[in-house]
Amino acid sequence: MSEEEEKKTFDWLPEGMEPLADGEYDAIIMGTGLKECVISGLLSVQGMRVLQMDRNNYYGADCASLNLTNLYKKFNAGTPPETLGANRDFNVDLIPKLIMACGNLTKMLLHTKVTRYLEFKSIEGSYVYKAGKILKVPATPEEALRSPLMGLFEKRRFRSFLLFVDQYDETKPETFQGKDLTVMTMRQLYESFGLVPDTHEFISHAMCLQLNDVHLGQPALATVKELQTYCYSLSRYGTSPYIYPVYGLGGLPEGFSRLCAIHGGTFMLNRDVDEIIYNDKGEAIGVKSGNEMARAKFIVGDPSYFPKEKVRATGQIVRCICFLNHPIPNCGDLESVQIIIPGPQVNRKNDIFVCSIASAHNVSAKGIYIAIVSTKMEGNEADKEVIPGLALLGHIMQRFTMVATTYEPVSDGNDDKCYISSSFDASSHFEGDVEDLLSLYKRVTGKDLDMNINADSVEADY
Amino acid sequence: MSSRVCHFKLVLLGDTAVGKSCLVVRFVRDEFFEFQEPTIGAAFLTQTVALDDATVKFEIWDTAGQERYRSLAPMYYRGAAAAIIVYDITNPDSFAGAKSWVKELQRRGDTNVVIALVGAIAGNKADLESRRKVDFEEANAYAEENGILHMETSAKNSNNVRALFVEIAKSLPKALQQPEREAFPIVMQKQETRNCC
């Protein structure tokens, strides 16, 4: 640092302690994961003074995209082999997710105009595993009619089901066709169109992106809305409903961090929080890092920054990051694909997700494909749980496996001024995570985030 | 004026409070008046330089304070065709800082990024030489060694500011100009036009 920064003094500062950064803030955000960065961005746009810290020397926390050096370091895997290519050509996601083109994360990117810092490309193919085969999820009515997923009569029923879903509007009773989706379960809805269980499975898992079969017994509305999002997203950009930021998902938190910074936020990477400071009412009032301390009205962070008693475990997710020197076999030689293996197909409750992204999206050197297999753990042998996914990949050059415990906060944070996000879920997209983000935003600010975006307001003002 | 417009991303680097923003504001405001307060809330600023054979349009990214604790994101460096690394000629630490920013950029940025090392002159020429702590020749020698441009500028009386950007514009390989946007911008689909598969 070239400037001798003038150290301020504060009467609350204990003897021997120095102020951390500017000393006094409205909010201290711990961790630079996507959720934390969105919150810090939104708060500083509203004029709050924000300090955001991360113990790592990179942005993104659990959802970072790492270069080779950081990836090998994280997995204690030694030095990356030179044959893989240049370090900076790699941006390997730690959490594999894709963005629904017309989903809530997209709305949030548009709402905040963070789209200005990012470029997106669509994912080429969306596939589903059925009876040992990888089949394309139909993208058009024509494809649906040719698809080996269903028999001839089933295809017609599938088509009328999709037509119903397309025109369904919960504010217009004339679109209901006598079906009350707030009462009728998803299973009943399928059955009312005469669809067979095989088709339920493929629609629910590969299109509505349900992780298990719990939704079948619940009111159909939520699942129908997810199908609508899938269909709108698909019609938006072509061959799959997913888009993905060039250079990896890590660009998302980075983009929101810039939003925060241009509105005055302070950033400290490579800086851990040693202790959260509370007042005698048990409310968080600041943090300590080394011999420095900063105060704030409240604290936000991911579960890893808080004491064990403030969070509870919700499950475990296994994720295998694999380097391949070829595209995933049987997917039309496409570089970027998602394959969903519905749990019931392989005697599991939870689906297994496989996705592959490569140099066209600037996440790897040319000729190297990054495939990630993930699923919610049902037993305690991580390697066993991912076998059906790994089996689809062909030859694997290098594999990194991690098992992450997911956490959620035990309270809403209003009593202790510790607003904690939940860990990223096991799904292959961000829709559930955005729900958590919106809830976090509401807990912090007491307001709902206005997500109504008018497409016309997206001017090219850069 | 040529009809060919080349777009380039230019990033600012350098330690806190050496005059990075002032430099850009001087450059951009000299010709454009409609911009808002640039220090707060500006995603990036744009300005053009007309050359004989082409018009160069700069998309200028300011550090927005993320350099203070060396917390610039990789996104910042990515795709930058040019970088201006600023130091304060009265502050030798900022010159040492500038050298480390050159290294950081070479590590993170594209290999053919055009780098300009800029000694910012704050205050008036008259009292300047007495306060100067970074020798012009020394900085020049360092720049030459590293194959980068070097200039001293004053945002206060606009000395050399425009010349700096013209010099950078001339050095940019126009043939390798960046497309304005390679991938598509994302937009929401209107509900009325929705069309299910």
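**Figure 1. Chain B in overview.** Residues 24 or more positions apart account for 73% of the contacts in chain B that have a separation of 6 or more. The model shown here and in every other panel is predicted. Chain B holds six helices and six strands. Read from the N terminus, its elements follow the order β-α-β-β-α-β-α-β-α-α-β-α. Chain B has 197 residues, and 42% of them count as buried.

**Figure 2. Helix 1 of chain B and its cover.** This helix spans residues 20-29. Helix 1 of chain B is mostly covered, with seven of its 10 residues buried. The buried residues are B:Lys20, B:Ser21, B:Leu23, B:Val24, B:Val25, B:Phe27 and B:Val28.

**Figure 3. Helix 1 of chain B against helix 6 of chain B.** Two packed helices are described by the angle between their axes and the distance between the axes. Here the angle is about 85° and the axes are 9 Å apart. Helix 6 of chain B covers residues 161-171. From helix 1 of chain B, the contact takes in B:Leu23, B:Arg26 and B:Phe27. Helix 6 of chain B brings B:Val161, B:Arg162 and B:Phe165. By type, the residues of this contact are four nonpolar, no polar and two charged.

**Figure 4. Helix 1 of chain A beside helix 9 of chain A.** Helix 1 of chain A runs over residues 34-45, and helix 9 of chain A over residues 251-262. Their axes come within 8 Å and cross at roughly 20°. Helix 1 and helix 9 of chain A are therefore roughly parallel to each other. The crossing is left-handed. Helix 1 of chain A contributes A:Leu34, A:Cys37, A:Val38, A:Ser40, A:Gly41, A:Ser44 and A:Val45. They meet A:Leu252, A:Pro253, A:Phe256, A:Ser257, A:Leu259 and A:Cys260 in helix 9 of chain A. Nine of the contact residues are nonpolar, four are polar and none is charged.

**Figure 5. A:Ile299 in the largest nonpolar core.** This core has 194 residues. A:Ile299 and A:Ala371 touch the most other members. Strand 16 of chain A, residues 311-324, gives the most to the core, with eight residues. Leaving out residues up to four places away in sequence, A:Ile299 touches A:Ile28, A:Met30, A:Ile276, A:Ala284, A:Val287, A:Lys417, A:Cys418 and A:Tyr419.

**Figure 6. A:Cys418, a contact of A:Ile299.** A:Cys418 lies in strand 21 of chain A, residues 418-420. A:Cys418 counts as buried because it has 25 C-beta neighbours inside 10 Å. Its C-alpha atom is separated by 5.9 Å from that of A:Val300, 118 residues apart along the chain. Not counting residues up to four places away in sequence, A:Cys418 touches A:Ala284, A:Ile299, A:Phe306, A:Lys310 and A:Gly413.

**Figure 7. Two loop residues with positive phi.** Most residues other than glycine have a negative phi. A:Asn76 has a positive phi, near 45°. A:Asn76 sits in the loop between helix 2 (68-74) and strand 5 (92-93) of chain A. With 7 other C-beta atoms within 10 Å, A:Asn76 is exposed. B:Arg70 has a positive phi of about 50°. B:Arg70 sits in the loop between strand 3 (55-61) and helix 2 (74-77) of chain B. B:Arg70 has 17 C-beta neighbours inside 10 Å, so B:Arg70 counts as partly exposed.

Methods
Residues are numbered from 1 along each chain as its sequence is written. Chains are lettered from A and ligands numbered from 1 in the order in which they are written. This is a predicted model: local features need pLDDT of at least 70, side-chain atom pairs count only at pLDDT 80 or more; totals for chains, interfaces and linings use all residues. Axes are lines fitted to C-alpha atoms, for helices over the stretch in contact, and angles run from 0 to 180 degrees between N-to-C directions. Helices (H or I, at least four residues) and strands (E, at least two) are DSSP runs, numbered from the N terminus. Angles under 35 degrees count as roughly parallel, over 145 as roughly antiparallel, 65 to 115 as roughly perpendicular and the rest as oblique. A crossing is left-handed if the near helix is turned anticlockwise from the far one by less than a right angle, and right-handed if clockwise. Two residues are in contact if their C-beta atoms, placed from the backbone, lie within 7 Å. Ala, Val, Leu, Ile, Met, Phe, Trp, Tyr, Cys and Pro count as nonpolar, Asp, Glu, Lys and Arg as charged, and the others, Gly among them, as polar. A residue is buried if 20 or more other C-beta atoms lie within 10 Å of its own, exposed if 12 or fewer, and partly exposed in between; C-beta atoms are placed from the backbone. A nonpolar core is a set of buried Ala, Val, Leu, Ile, Met, Phe, Trp, Tyr and Cys residues joined through C-beta atoms within 7 Å.
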